[in-house]
Amino acid sequence: MAEALLEVSGLRKSFWRAGRAVAALDGVALRVPAGTTLALAGASGSGKSTLARCILRLTEPDAGSVRFAGTELLGLAPAALRAIRPRVQMVFQDPAAAFNPRASVARILADPLRVNALAPRGEWRARALALLDMVRLPAALIDRRSDELSGGQRQRVAIARALATNPELVVLDEPVSALDVSVRNAVLNLLLDLQQRSGLAYLLIAHDLAVVRAVAGAVAVMEAGRIVEHGTVAEVFARPQAVATQRLLAAVPRLVVG
Amino acid sequence: MSFLSVRGLGVAYGRGPPALADITLALDAGQRLAVLGESGSGKSTLAMAICGLLPPTAAVSGTVGFAAPLLLGRDVGVVFQDPNGSLNPVLSIGEQIAEVAVVHRGRSWRAARAEAARLLDRMGIAQPHAALSRHPHEFSGGQRQRIALAAALAADPVLLVADEPTSALDTVMQHQIVGLLDELVRERGLTLLFITHDIALASMLGDEVAVLHGGRLMEAGPVAQVLRRPAHRYTAALLAARLDLDTRIGARLPEIGADFAVVVPHG
Ligand SMILES: Nc1ncnc2c1ncn2[C@@H]1O[C@H](COP(=O)(O)OP(=O)(O)OP(=O)(O)O)[C@@H](O)[C@H]1O
Ligand SMILES: Nc1ncnc2c1ncn2[C@@H]1O[C@H](COP(=O)(O)OP(=O)(O)OP(=O)(O)O)[C@@H](O)[C@H]1O
Ligand SMILES: [Mg+2]
Ligand SMILES: [Mg+2]
């Protein structure tokens, strides 16, 4: 099998708790080919965000391998890692914590262009406005501070920021959990468009299984630091094998009227 | 007089269009109100106005009234949309949850910590006693959301205002939390106002539903009536754009366009 854009194997990470190491990742392997979407589901606390952070080396894993476009990221020197950064972006589960609350939306969206020297200063504002439009936000928000936005507006600014560098892979940690159904679908349509046009790949962490089913090709289910099920969306939703997957599917809320 | 009555409420943040205009609604004791609506439509603003927690820069008109005077933190528990907004990063979660019962209910620290551990246990936090001494950053997003909910419930409030309280939870845990809230409503007469984007969740946990769009109340009424026979086109469009496990999926997903028409863009 040819090497995929992202190849993770044997990933381990423990946190110290009361003098004892507790495994948050207990040997995780996954692959995301270019231009595809792998969804990651699983119980709260099963290790999804830790996995995402380890892939981007925002948290240092204890062991394992993370290969992106043929380059091993673990142990990569800071300068080489910086060169890869614009190609792999992340949308954090908690967008509020990822922004300086005093920074304007214009500043937040220009930062990746400035830091990575991707566009001249004179183009930043126009690029920021185009990004806002892509995530269905009005241009009037551009001079607001991030703490003057609604939760869903902030979440969309986080997505826009991740797209600013034209990355090849975006790790999205619950990117649409704070959006109403229409805006959520519009943002998902945008992600689908970008994938079709420029071959973007996504690692999409989502609790909403209807979203997983609608946009991902493959899905992995985590439980207690391990991947307990992995397959195409069609297979896993039709015939879930792991008990964890069966439980998650059975608990999807149903519309009950009357 | 209703337990809660909101009359002609308007809120504006500085320049720009008002975040809320002319909102009137009422809630009886022991009722559960689900608030649905577009991102940016004013749902969190409504919740904060009811709790008296709007920033000083907000200009408010109209009234928010309760049948009896309520004290925030004791009688009214609040879960913010961003769970970090509810939690202090430098205190252990045990101190934060227990403090509510110590300050507002006169509990001893020992009793309050024991109650905090019980609450965490019911919220599915593993090893709840040991968890009490950990700090918020040592928990996952969904764990923090449940910790914030535990802190909001620790003083046994009569009203819980919860802004997307299960948005970071897997379906199994969401089910458990919904069961817990349902029990508090039925057994202790808790009144619940919750915001959600999940229409199915609103239908399961709500008695009444209010639908906001562009700072205005599109409609409000009993859940079964509003969701079965929506009076407003926006509500109907929300229902039509909803995804579930049986939705037929094409190349693109439905969006609400101009005039509340549901459109599927070309892929
Ligand atoms: N900095 C940390 N220190 C100690 N323990 C941590 C830390 N970060 C995460 N954990 C623990 O590691 C486990 C995995 O957390 P993680 O955030 O990866 O879960 P998750 O699958 O993203 O959950 P959620 O769906 O709730 O966001 C949890 O039990 C959590 O309490
Ligand atoms: N502090 C603030 N200063 C200026 N504008 C604000 C402030 N807080 C909110 N707004 C604006 O008021 C409007 C309503 O915001 P609110 O947070 O109430 O929306 P919401 O319905 O909760 O949205 P979401 O579903 O995205 O959380 C939004 O357009 C938002 O940008
Ligand atoms: Mg997480
Ligand atoms: Mg909100």
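The shell around ligand 2 consists of 2 nonpolar, 12 polar and 5 charged residues (Ala, Val, Leu, Ile, Met, Phe, Trp, Tyr, Cys and Pro count as nonpolar, Asp, Glu, Lys and Arg as charged, and the others, Gly among them, as polar). This is a predicted model, in which local features need pLDDT of at least 70 and side-chain atom pairs pLDDT 80 or more, while totals for chains, interfaces and linings use all residues. Residues are numbered from 1 along each chain as its sequence is written, chains are lettered from A and ligands numbered from 1 in the order in which they are written, and side-chain values use heavy atoms, with hydrogens and water left out.

**Ligand 2**
- Ligand 2 lies between chains A and B.
- The ligand is surrounded by 19 residues (a heavy atom within 4 Å), and the closest are A:Ser150, A:Gln153, B:Ser39, B:Gly40 and B:Thr45.
- Helix H6 (151-163) of chain A and helix H1 (43-51) of chain B each supply at least two residues of this shell (helices, H or I, of at least four residues and strands, E, of at least two are DSSP runs numbered from the N terminus).
- Oxygen atoms of ligand 2 have polar side-chain atoms of B:Ser39 at 2.7 Å, of B:Lys43 at 2.7 Å and of B:Thr45 at 2.5 Å.
- Alone, ligand 2 exposes 640 Å², and the protein buries 89% of that (Shrake-Rupley method, 1.4 Å probe).

**Ligand 1**
- Residues from chains A and B surround ligand 1, so the site is shared between chains.
- An oxygen atom of ligand 1 lies 2.7 Å from a backbone N or O atom of A:Gly45, and a backbone N or O atom of A:Ser46 lies 3.2 Å from an oxygen atom of the ligand.
- A backbone N or O atom of B:Glu138 lies 3.2 Å from a nitrogen atom of ligand 1.
- The protein covers 88% of the 630 Å² of accessible area that ligand 1 has on its own.

**Sheet and helix of chain A**
- Four strands form an open, antiparallel sheet in the order S2-S1-S4-S5 (pairing takes at least two DSSP bridges).
- Strands S2 (20-32) and S5 (71-72) of chain A are at the edges with a single partner strand each, so one side of each has no neighbour in the sheet.
- S4 (residues 63-68) and S5 of chain A pair over 2 bridges, and A:Phe68 stands opposite A:Thr71 in S5(A).
- Helix H1 (residues 48-55) of chain A lies across S1 (6-17), S2 and S4 of chain A, at about 115° to S1(A) (contact: heavy atoms within 4.5 Å; angles: 0 to 180 degrees between N-to-C directions of axes fitted to C-alpha atoms, for helices over the stretch in contact).

How values were computed:
A polar contact is a pair of N or O atoms within 3.5 Å; within protein, one must be able to donate a hydrogen and the other to accept it, and residues adjacent in sequence count only if both atoms are side-chain atoms.
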